[in-house]
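Please open the model in your viewer and keep the selection tool at hand. The stops below go from one place to the next.

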Amino acid sequence: MPDRVPENPERHDDDARVLDGTGNAAGVAGPGTSDDDGGAAGDGGKPRQNIALVWLKEIATVVAIALVLSFLLKTFLFRAFWIPSESMESTLDVNDRIFINLLVPGPFDVERGDVVVFKDAQGWLPPVAQKPAGPLDWVGDTLEFVGLAADDNDQHLVKRVIGLPGDRVACCDATGRITINGVPLDETYVNPAEVPQPKTFDVIVPEGKVWVMGDNRNHSEDSRAHQEVNGGFVNIEDVEGKATVIAWPINRWTVLDNYQDVFKNVPEGAQGQ
């Protein structure tokens, strides 16, 4: 007797099935199956997505998110600056890149010893000639705008805050030290390569201003050198932020100190009492 072919053959484990149940046994074509690139087995004839296009979309999304986050950080928390001069050596060297904390001043106060970046609102620096526009300037401007490149604006300065509103800052005592409210300072941050040449001054810091000096005292045109303009003081409202870290080069990476121990014995000034 001839073998009878079953109408419904048993399912074997090696039968291929699409997980959505629309596929057929391996090697058997079914509805929606096509040999060309326009469709895939069991996808109802939908075109395949280009893998390269998917990757490009993912990369574009990640880059967009990174740029937005960088812009928000630059706008509200941190901003990068480039150091062009030797006035803060050896704390900051020429070509260092630093990040400043934009929360100082406001909501946090400037403190004695803080290294701050401020706008040259008093005209301490000579005017800078306008550079001719280059074809790729927009690239640097864009990176700077979103916070991915350091601000190389020549009309900013970086110094250390020595006197706060109400402080009497003077130079010098019998041993050549700066005094604040009568207390001499042992300034361990001053560049040890040279002995500072004393420049006599005696000032009381007005409300809303600070007295600033460079750590490289013999090579810093700071408050001492500009007393004919605004008394040599920097308006607190012109302070962009407090320098927090050296971010570049890598071998210079460090968190910047404000040397609270240097100022710990200084009493409050007349306006701070």
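## The largest cavity

Start by selecting F118, K119, D120, A121, Q122, W124, L157, V234, N235 and D238, which line the largest cavity of this predicted model. The volume of this cavity is about 40 Å³, and the structure holds 1 cavity of 30 Å³ or more. Colour β3 (115-119) and β10 next, the elements that give two or more residues to the lining.

## D238

Now centre on D238, one of the lining residues. D238 sits in the loop between β10 (234-235) and β11 (239-248). Show its contacts: leaving aside residues up to four places away in sequence, D238 touches V117, F118, K119, A121 and Q122. Of these, F118, K119, A121 and Q122 also line the cavity.

Which side chain of opposite charge is nearest to D238? Select K119, 4.5 Å away. D238 is buried yet has no salt bridge, because a salt bridge needs a Lys or Arg side-chain nitrogen within 4 Å of a carboxyl oxygen.

In soluble globular proteins, nonpolar side chains tend to be buried together.

Key. Residues are numbered from 1 along each chain as its sequence is written. This is a predicted model: local features need pLDDT of at least 70, side-chain atom pairs count only at pLDDT 80 or more; totals for chains, interfaces and linings use all residues. Side-chain values use heavy atoms; hydrogens and water are left out. Helices (H or I, at least four residues) and strands (E, at least two) are DSSP runs, numbered from the N terminus. Buried means under 20% relative accessible area, exposed over 50%, partly exposed in between (1.4 Å probe, protein chains only). Lys and Arg count as positive and Asp and Glu as negative; His and the chain ends are not counted. Contact means heavy atoms within 4.5 Å. On a 1 Å grid over the protein atoms alone, a cavity is a set of points where a 1.4 Å probe fits but cannot get out, and a pocket is an open set with protein on both sides within 12 Å along at least five of seven lines; lining residues have an atom within 4 Å of a point. Grid points are joined across faces, edges and corners, and a volume is the space filled by probe spheres set on the points.
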